[in-house]
Amino acid sequence: MMKTLCLIGLVVVPVAIQAQHQNMGDHKEHNHKDRTNEGEITVDRGRFVKNDSSGLVAVVSVQGMVCDFCARGIEKTFSKDKHIEKIDVDLASGKIVLAYASGTTIDRADIQTKILNNGLNTTDIQIIGN
Amino acid sequence: MRIFTIVGCLLFASNALSRPISYVGGHTLTVNSNAQTHNIYWHFTPDNKYSIGLDYQKDRISNNAFPSARLTVLLNRKNTTNSQRNLYLKTGVGAQHGSTYFFALAGDWESRRIFAGFSAKQMSGSGYTLFEHSLKLGVAPYLGNYGDMHTWVMIETKKNTLNDQRLTYPVLRLFKGCALAEASYHKKSDWNINLTYRF
């Protein structure tokens, strides 16, 4: 019985979530380039639509972020910070983009600690004014 | 016979778990099913160096249950821009059979395209000691972006001193978001299905 449920889950769950993902639209349509001192990074505007606030954006370069499943903790960790409005992860460039609420002072040490708590290393943090 | 049942449960215990240490404060729930056992394993990561967990296995043949407590320690991690390498020490002790326990050394190296992992596991109980080692290699046929469905096509080979036979079989791993599913098949051991959710 349990094996049957596992088999059904194995087939149904990925299909369902992939269909849901497609219904949300093609992310590539929303991709835009932002420039940091290191060069261009891709920010998914479909996920990264800011409110009307004009807070700062932190672009965090990390090492070890090779897996989507493992990077999920980053989103969960930073989403607990009430000063962060939006989070985006770019696996290809190894960058995490954090959009802060207006008037928030960015604590670089706190970012580094949260990244380390996810098993990754921070190599650079760039702050972009909005 | 009972000893072999216990040993069998330990041997077939989930080795498929990806990243046995999660993010700090993270929980992981894994359900595993194969021809011999049903298994459910929960672990919590209080620190980025270790995780603690509870495991409950039920033998499908004898219908016996084997709860156990587990600890996984990160011995070494090397992060680079394009890869991560980990070395873990795993241990577990049976709640009902305190003399039944295991130690394992497991490691992996992973980029976005290639995965390689190994495990060497020693199990001990009343009057027996068994050893199992395994090797797993995988390739991602495409590189998905964050949020996409990701796929790994893998091959695993495993040998233990219980039956002294090497089993080599294909493994398919799919994951999206916080959910991961893994399936493998060998004509002798039949299907092994693993579902993992991280929260």
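1. The model is a predicted one. Every point below should be read with that in mind.

2. **Chain A, overall make-up.** Three helices and six strands form the secondary structure of chain A. Along the sequence, the order is α-β-β-β-α-β-β-α-β.

3. **Chain A, burial and surface.** Chain A has 130 residues, and 46% of them count as buried.

4. Take the contacts in chain A with a separation of 6 or more. Of these, 62% join residues 24 or more positions apart.

5. **The four-stranded sheet.** Which order do the strands take? In chain A, the order is S4-S5-S3-S6. The sheet is open, and its pairing is antiparallel. Strand S4 (84-90) and strand S6 (121-128) of chain A are the edge strands, each pairing on one side only. On average, neighbouring strands of this sheet are turned by 20° against each other, direction ignored.

6. **The S4-S5 pair.** S4(A) and strand S5 (residues 95-100) of chain A run antiparallel. Six bridges join them. A:Asp88 stands opposite A:Val97, which belongs to S5(A).

7. **Helix H2 on the sheet.** Helix H2 of chain A covers residues 68-79 and packs on this sheet. H2 touches S4 and S5 of chain A. The direction of H2 makes about 170° with that of S4(A).

8. **Helix H3.** Helix H3 of chain A covers residues 108-117. H3 lies across strand S3 (57-63), S5 and S6 of chain A. The angle between H3 and S6(A) is about 140°.

9. **B:Gln57.** Now to chain B, where B:Gln57 lies in strand S3 (residues 50-59). Is B:Gln57 buried or exposed? B:Gln57 counts as buried because its relative accessible area is 2%, below the 20% cut-off. The side chain of B:Gln57 makes a polar contact with the side chain of B:Asp55, at 3.0 Å. B:Asn39 is 18 residues away from B:Gln57 in sequence, yet their C-alpha atoms are 4.3 Å apart.

10. **B:Ser124.** This residue belongs to strand S7 (residues 114-125) of chain B. B:Ser124 has 9% relative accessibility, so B:Ser124 counts as buried too. Which residues does B:Ser124 touch, not counting those up to four places away in sequence? They are B:Ser99, B:Thr100, B:Tyr101 and B:Thr129.

How values were computed:
Residues numbered from 1 in each chain as written. Chains lettered and ligands numbered in written order. Predicted model: local features only at pLDDT ≥ 70, side-chain atom pairs only at ≥ 80, totals over all residues. Heavy atoms only, no water. Helix = DSSP H or I, 4+ residues; strand = E, 2+ residues; numbered from the N terminus. Buried < 20%, exposed > 50% of the residue type's maximum accessible area, 1.4 Å probe, protein only. Contact = heavy atoms within 4.5 Å. Polar contact = N/O pair within 3.5 Å; in protein donor to acceptor, adjacent residues only side chain to side chain. Pairing = 2+ DSSP bridges. Axes fitted to C-alpha atoms, helices over the stretch in contact; angles between N-to-C directions.
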